Amino acid sequence: MTQVNLRGRSIAITGASSGIGAATAIACARAGMHVAIMARRAGKLAEVAIRCREAGAATGSKVLVMEGDVADAAACKRLVDESVATFGMLYAVYANAGYGFEKSMVETSEQELRRIFEVNFFGTMNLVRPAVEYFMSRPFEGDARRRPRGHVLICSSCLAKMTLPRYGAYSATKAAQSHIGRAMRHELEPKGIAVSTVNPISTSSEFFDTVRQNTGVANLAMHTPGFWFQTPEKVARCTVDCLVRPEPEVWTGVRGRITRLGTAVCTLLPFLPDLMFRKMARAR
Ligand SMILES: NC(=O)c1ccc[n+]([C@@H]2O[C@H](COP(=O)([O-])OP(=O)(O)OC[C@H]3O[C@@H](n4cnc5c(N)ncnc54)[C@H](OP(=O)(O)O)[C@@H]3O)[C@@H](O)[C@H]2O)c1
């Protein structure tokens, strides 16, 4: 497969004020891409912008910073429009913004459920819609796999494939992202647009701090052995590889691939996760 030369291309990333989004923005700048970053916390975004400028100094990478909430469709459209205006073109978008939530389904209020779908799922579509509309206006040379005219990346999760007790709401948003990613991949490939989902395993970011803020607990983080934690930089490196060689799904590193295999085994033999999770649910 032909590799995409990232130098001089541009990417817009949501949820780039910390964790996976910030690390990916810095890695993309290092690879020579112009980077547009969006999140709600302006101060954190400004710090990430400095690190992107440092990482991309040698390649002439430019950085655009936009404060905004992905639940606001107009803000996501503005991110796409301003990226095109600033960089002259937009090659990729990464719908990465999202948050975790640890609570049993019956304790989860309708408002909490709607909010997590608003951010994790509808926030994804808020970015993807204007981006795909723009990609479709760009010239297409006829081979999406070799020479895409645009690339949509969605940060889903390994929990898209298999949920855990108290992660039903969160996993539902991640499974929804995974399904629309797969559907769009088939719909958009003939039109020259690549679509990929990123499926990180536990990652050391602010994710579990937010879980704790939202629900008062983060049992999953406390009970997950350190071996299963990866760094945001690892996820970022695998994501940049996927921009160079578009793949349908990104599973990060050896531990990511073991997890993928594990989810496949659990699908074939569902009594295995049932045994494990019954014990886990009782223990917590
Ligand atoms: N960490 C993990 O274990 C793990 C595993 C699998 C998948 N993921 C997925 O990875 C993605 C990134 O998470 P992370 O681990 O990097 O956690 P993180 O450090 O908490 O980053 C989340 C990012 O999303 C942004 N964000 C949250 N709500 C937003 C909203 N309404 N509008 C705009 N931006 C918003 C946050 O910025 P502001 O607060 O400044 O808006 C922050 O930049 C998420 O989609 C998450 O589901 C994480």
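**Entry 1: helix 3 against helix 4**

I looked up which residues touch where helix 3 meets helix 4, and in this predicted model I found Ala73, Cys76, Lys77, Leu79, Val80 and Val84 of helix 3 in contact with Gly123, Asn126, Leu127, Pro130, Ala131 and Tyr134 of helix 4, where contact means heavy atoms within 4.5 Å. Sorted by class, the residues of this contact are nine nonpolar, two polar and one charged; Ala, Val, Leu, Ile, Met, Phe, Trp, Tyr, Cys and Pro count as nonpolar, Asp, Glu, Lys and Arg as charged, and the others, Gly among them, as polar.

Helices (H or I, at least four residues) and strands (E, at least two) are DSSP runs, numbered from the N terminus. The crossing of helix 3 and helix 4 is right-handed, the near helix being turned clockwise from the far one by less than a right angle.

**Entry 2: salt bridges**

I counted as a salt bridge any side-chain nitrogen of Lys or Arg within 4 Å of a carboxyl oxygen of Asp or Glu, and by this rule there are 11 salt bridges. Arg114 and Glu110 form one of them, at 2.7 Å from N to O; they stand four residues apart in helix 4, which means about one helical turn lies between them. Both Arg114 and Glu110 are exposed (relative accessible area over 50%, with buried under 20% and partly exposed in between, for a 1.4 Å probe and protein chains only).

Asp209 and Arg212 form a salt bridge at 3.8 Å between the closest N and O atoms, and I saw that they are three residues apart in helix 6 (residues 207-215), so about one helical turn separates them. Asp209 is partly exposed at 40%, and Arg212 is partly exposed at 38%.

Which parts of the chain does the pair Arg182 and Glu249 link? Arg182 lies in helix 5 (residues 168-188) and Glu249 in strand 7 (residues 249-250), 67 residues apart, and the closest N and O atoms of their salt bridge are 3.1 Å apart. Arg182 is partly exposed at 41% relative accessibility, whereas Glu249 is buried at 11%.

**Entry 3: how I read the values**

Residues are numbered from 1 along each chain as its sequence is written, and side-chain values use heavy atoms, with hydrogens and water left out. Local features need pLDDT of at least 70 and side-chain atom pairs count only at pLDDT 80 or more, while totals for chains, interfaces and linings use all residues.
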